[in-house]
Amino acid sequence: MEQVIRFLLSNFTLTLFVIGLIASLIALLRHPRPWSRATVTEALLSWFLFFSLGVSFLYNFVMHVFFSEMAAAFIGWQASPFQKEVGFASLGFSVVGFMAFKGGTGMRLAALVGPACFLWGAAAGHVVQMVEAHNYAPGNAGVIFYTDILLPVFGLILLWMQRGTVTITETGMPKTAFPR
């Protein structure tokens, strides 16, 4: 059991992605059928934003700010004051991810683009560390490396799929296809 918990927490980006998929399924099961593309996309995107951005970056903030020695060792680095900066940047991404959970298209795009730049930059840094320093620590070359690349792609694809599915009500406010 300890190994399972260690795996889930060490690979928190994958864990929270899967939790987001489960939350999406639960939300869909509570929604009348048949499900439209807009309904499915909204469920997947909103819970992706909540868990893969909001909760995941909050976890990253806590680890880099309060448990920096452990986070650095997991990545295969020495602890550094710059980890606090990464932690607080993660806090910002987390807050925007939570805001985008119920936000409009512009908010959701902003919530995805900032972390995408950060995560793809981190993935490039991981590659450099693998090639130059032979750093194959789990936090540098494991699941985290792959989710740094794939999670932004998944989120941006969902946002692209959602285009044209938001309607404007009589009051001029956007109405998504999926009530939260």
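Modeller: Let's begin with Ile-5, which sits in helix 1; helices here are DSSP runs of H or I with at least four residues, numbered from the N terminus. This is a predicted model, where local features need pLDDT of at least 70, side-chain atom pairs count only at pLDDT 80 or more, and totals for chains, interfaces and linings use all residues. Residues are numbered from 1 along each chain as its sequence is written, and side-chain values use heavy atoms, with hydrogens and water left out.

Biologist: Why does Ile-5 count as partly exposed?

Modeller: Because its relative accessibility is 43%; buried means under 20%, exposed over 50%, and partly exposed is in between (1.4 Å probe, protein chains only).

Biologist: OK, new topic. Which residues touch the most other members in the largest nonpolar core?

Modeller: Leu-45, Phe-48, Leu-49, Leu-53, Phe-57, Ala-111 and Leu-112, out of 14 residues. A nonpolar core is a set of buried Ala, Val, Leu, Ile, Met, Phe, Trp, Tyr and Cys residues joined through side-chain atoms within 4.5 Å.

Biologist: And which elements give two or more residues to this core?

Modeller: Helix 3 (37–66), helix 5 (82–101), helix 6 (105–133) and helix 8 (143–162). Helix 3 gives the largest share, five residues.

Biologist: What is Leu-53 in contact with, leaving aside neighbours within four places in sequence?

Modeller: Phe-48, Leu-58, Ser-94, Gly-97, Ala-111, Leu-112 and Pro-115, where contact means heavy atoms within 4.5 Å.

Biologist: What does the second, separate core include?

Modeller: That core has five residues, among them Phe-12, Leu-16, Ala-23 and Phe-51.
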